[in-house]
Amino acid sequence: MATSDIHVFLSHGLESGPGGTKVQALKAEAETFPGVTAIALDHRNTKVPMERLQQMKEAMAEAGASPERTVLVGSSMGGWVCARTSAETPVLGCFLLAPALAMSAYPQSSPRIQARHTQIIHGWDDDVVLPMPVMELAREQKLPLLVLPDGHRLENSLERLVSEFRIFMTGCLATN
């Protein structure tokens with residue numbers, strides 16, 4: 001692995017998979033950047049948050065990813081996985097879509113996100129992960145937050161998500 005390599009790990013939501021529309025669109029965008037390796041994790045064999053967290057740690061180790069050169073991308077439960085991963089091992093970036101944060105069903109559901117670059121995108125009409133607790137967590141940690149007129153899946157905002165991710169990746173790579 002060359003020292004210039006950046007790893008991007010994408011973690012899908014509870015009912016989705018690595019072939020989902022958002023994951024594949026963001027993976028394709030990540031792969032347009034030179035020196036970036038994008039890996040979409042497959043968590044479909046478990047719905048247990050801590051097991052998915054362990055899968056992320058194992059994927060990072062297996063890829064030989066350096067945390068300071070790693071970008072984590074997660075949607076819903078995958079957002080929780082990425083936030084928790086960064087809380088334990090600070091990373092270059094966390095790009096979180098409707099992250100399952102501040103939810104009592106998840107262990108340590110309000111992690112201190114530790115990434116040089118963070119972006120949270122949520123939907124105003126999200127009825128799975130309510131926006132207000134996530135907005136409060138973002139406020140407490142002084143994290144960038146974009147709230148769109150969309151629901152939990154952010155399905156009407158795919159083009160905007162890819163555009164925001166492109167800007168995010170450009171910022172991560174510029175400081176690295």
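A search of the whole structure finds 0 disulfides, a disulfide being a pair of cysteine sulfur atoms within 2.5 Å. This is a predicted model, in which local features need pLDDT of at least 70 and side-chain atom pairs count only at pLDDT 80 or more, while totals for chains, interfaces and linings use all residues. Residues are numbered from 1 along each chain as its sequence is written, and side-chain values use heavy atoms, with hydrogens and water left out.

- Cys-94 is in no disulfide, and the nearest cysteine sulfur, that of Cys-82, lies 5.9 Å away.
- Cys-94 is buried, with a relative accessible area of 0%. Here buried means under 20% relative accessible area, exposed means over 50%, and partly exposed is in between (1.4 Å probe, protein chains only).
- Cys-172 is in no disulfide either, and its nearest cysteine sulfur, that of Cys-94, is 9.3 Å away.
- Cys-172 is also buried, at 0% relative accessible area.

**Helix 5**

- Helices are DSSP runs of H or I with at least four residues, numbered from the N terminus.
- Helix 5 covers residues 158–174, which is 17 residues, and reaches 24 Å from its first C-alpha to its last. That is close to the 24 Å expected at 1.5 Å a residue, where the expected span is 1.5 Å times one less than the number of residues.
- Which residues of helix 5 are buried? They are Leu-161, Val-162, Glu-164, Phe-165, Phe-168, Met-169 and Cys-172.
- These residues sit on the same side of helix 5 because they cover an arc of only 165 degrees around the axis; the arc is that of the directions from the helix axis to the C-beta atoms.
- The face turned away from the buried side of helix 5 carries the exposed residues Glu-159, Ile-167 and Ala-174.

**Salt bridges**

- Side chains of opposite charge can pair when their charged atoms come close.
- The count comes to 8 salt bridges, each being a side-chain nitrogen of Lys or Arg within 4 Å of a carboxyl oxygen of Asp or Glu.
- Because they are 4 residues apart in helix 5, Glu-164 and Arg-160 are separated by about one helical turn.
- Glu-164 is buried at 17% relative accessible area, whereas Arg-160 is partly exposed at 38%.
- Glu-31 pairs with Lys-27 in a salt bridge, with the closest N and O atoms 2.8 Å apart. Glu-31 is partly exposed at 41%, while Lys-27 is buried at 18%.
- Lys-57, Arg-84 and Glu-88 are linked in a network of salt bridges.

Terms used. Helix = DSSP H or I, 4+ residues; strand = E, 2+ residues; numbered from the N terminus.
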